[in-house]
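Look at the inside of this protein.

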Amino acid sequence: MPPRLFERTPVLSGSDAGAARREIREYFLATFNRYEQLFETLAGEPSYFRKPITLRHPMIFYFGHTATFFINKLVLAGLVKERINPEFEAMFAVGVDEMSWDDLDDAHYDWPRVDEVREYRNRVREVVDQLIQTMPLALPIVWDHPWWAILMCIEHERIHLETSSVLIRQHALEYVKPHPAWQPCRKSCQDPDGVPQNRLVQIPAGEVHLGRERSADRYGWDNEYGSHQAGIPPFQASRYLVSNREFLGFVEDGGYANDACWEQEGLDWRNYAHAAHPTFWVRQGDGWLLRLMTEEVAMPWDWPVEVNYHEAKAFCNWKKLRTGQAVRLPSEDEWYRLYDFAGCAEIAHDRIAAANIHLDHYASSCPVTEFPHGELYDVVGNVWQWTETPIYPFVGFEVHPLYDDFTTPTFDGRHNLIKGGSWISCGNEALRSARYAFRRHFFQHAGFRYVIADAPASVPESHYETDRLLSEYAEFHYGDEYFGVANFPQALAKIAIRAMGNKPARNALDLGCAAGRATFELARHFGHVTGIDFSARFIGSGVQLAKQGILRYTLTEEGQLVSYKERKLADLELDEARHKVDFFQGDACNLKSVFSGYDLILAANLIDRLYSPKKFLAAVHERLNPGGILLIASPYTWLEEHTELEEWIGGFKKNGENFTTLDGLKKLLEPHFRLLEPPQDVPFVIRETRHKFQHSLSEVTLWERIA
Ligand SMILES: [Fe+2]
């Protein structure tokens, strides 16, 4: 009889809701039970309360955490009405993220006893089981389906199954004990000279497609959705994962002590941690043992080495120094190229995997020579593989409302993707689309394969603009419309283009361009448009859009809560305009002489922000071609913090009578301009929070240069 397989992540489509319900129930129970069984490798009560590593909570937290996560998320989703134990559901809610390596969690916790937590878990099991058996179910289950929350909680526990197994491996030996259901692989080569040499495999060029659709039929985390594709030039990849034997070469050559091998961040980590060998290697006399989950064994030289990103990178740099070849880690894209090249496929639901993954084989790594995938080995499984790629959002990324901080805190350029899964990667973790990222100094059951490639690994943009003012302007220029008020920069550009009629339309200047929307809009009509703003921070949005075609920013919802947005030029039908614009920082009152010869100058919401609007208005004709048009739009919000009172051009009493800004504009502009048509008000709305908006009117005047 074939061994019983650990349940795969369910297929969420189809027409048999009864079968889907049964499958999800099995999946839940198998996960919940296997998780508890993992904790049976802990040797008694004290093991739960001692921290395996200072950066994380003690094991008792993780024992309770996955159960409270069910209740917390199901309450949030409105599927469970009553809490089971509010105190536990607060205490076990938030894990310690692996922050910097020198952050210590010193908070004091009054943890409950293990049997109290076990009792709590039993009640959660009953509540969730009841829910699964009784809640109405219509297929397919997709991202916004009520059942998605249940799948989310199960997959969350599968993640902790793996991360807790790492913590158990990091616990002192006295706190753990062997367990028949958690038996490691016993095959290993204990003679360093007996390990097959690694060699390079030629990987032909190809195209990779990443990302998944909302209609995909298995559970996915938010960061997997959207799309990304790339053409990959040919490269070479190591046939095997780097084994303990291969890594020994680096250790024995003094690689850990050789600063030239380490990136700066890696060097800082190495110095802090006093690292001199891989963390699970244990010195014994002249030789080495390897720490597994519950025991130390004679060094299996043919198993993959387990290291953090810094050590993997240092190995590559060492090899590069020794061989002169362009050795590095693969990018995420290149890993997908390896996957496709090797002909890998998702693991089957009813057959044992042809890889050391999903607990199908061992509760440990195994020899790097055991699982061939085409010409390569271990493209998936055995240990995770570090990549050069910091995690970033695919185009189309959206946060899932039930777990809004699952991924976004990792879009900081400091969390690198690991690919392929390990021997204990189960459920979603074992899928091709899985994307998990960790701090570069962090340890998982993770190692690496190296590649030789001429091109450096690309580092995709993962930045979200979080500066409040810049984000408000990003939304003002590229975001949604509120209260039926049309997009303001676009409305102004339309007015300007209409006023141009058949006049020449070579160059336009968008002065005070802010986030740059009007600059792009004007480029629909003009040969070239320059955007200038006093703030270099502001033009950053325009520059980013012109370069990448995409802008990401957070919006304040209320207080500290934000939502995540992305806007693409292509969606605004402005992709063509990208190549017709440029952006500069500049002072409208003191513009460089190169900024002249324009057929149109747009000055939107600018004049009441200048320190000397008079100076600007007196000289602006010099920048315009004869017959050219100046569009001024302003809510005339005169404030002394921007413009000293004596510089105001209107909005005060003069000789006892009202003197408006329009009066001042006429006085200053009429020597060189004629007013083309009566002024008109154009409204605009700036969103501050979900509940607060500024609604203003900007007065638009059009001036034609006549002298
Ligand atoms: Fe968690």
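The report below takes the cavities, then the cores.

## Basis

This is a predicted model, in which local features need pLDDT of at least 70, side-chain atom pairs count only at pLDDT 80 or more, and totals for chains, interfaces and linings use all residues. Residues are numbered from 1 along each chain as its sequence is written, and side-chain values use heavy atoms, leaving out hydrogens and water.

## Cavities

The structure holds 6 cavities of 30 Å³ or more. A cavity is a set of points, on a 1 Å grid over the protein atoms alone, where a 1.4 Å probe fits but cannot get out; lining residues have an atom within 4 Å of a point.

The largest cavity has about 110 Å³ of space. Its lining has 13 residues, with Phe476, Asp480, Glu481, Val485 and Val685 nearest the centre. Helix 11 (468-478) and strand 26 (680-689) each give two or more residues to this lining. Strand 26 gives the largest share, 3 residues. The lining divides into 7 nonpolar, 2 polar and 4 charged residues.

The second largest cavity has about 60 Å³. Its lining includes Arg169, Trp303, Glu306, Trp423 and His445.

## Nonpolar cores

A nonpolar core joins buried Ala, Val, Leu, Ile, Met, Phe, Trp, Tyr and Cys residues through side-chain atoms within 4.5 Å; buried means under 20% relative accessible area (1.4 Å probe, protein chains only). The largest core has 116 residues, and Phe247, Phe250, Trp281 and Phe448 have the most contacts inside it. Helix 6 (residues 148-170) gives the most to this core, 11 residues. A second, separate core of 43 residues includes Tyr553, Leu602, Val682 and Leu702.

Note on methods. 1 Å grid on protein atoms, 1.4 Å probe; cavity = no way out; pocket = protein on both sides within 12 Å on 5 of 7 lines; lining within 4 Å. Points joined across faces, edges and corners; volume = space filled by probe spheres on them. Helix = DSSP H or I, 4+ residues; strand = E, 2+ residues; numbered from the N terminus. Nonpolar A, V, L, I, M, F, W, Y, C, P; charged D, E, K, R; others polar. Buried < 20%, exposed > 50% of the residue type's maximum accessible area, 1.4 Å probe, protein only.
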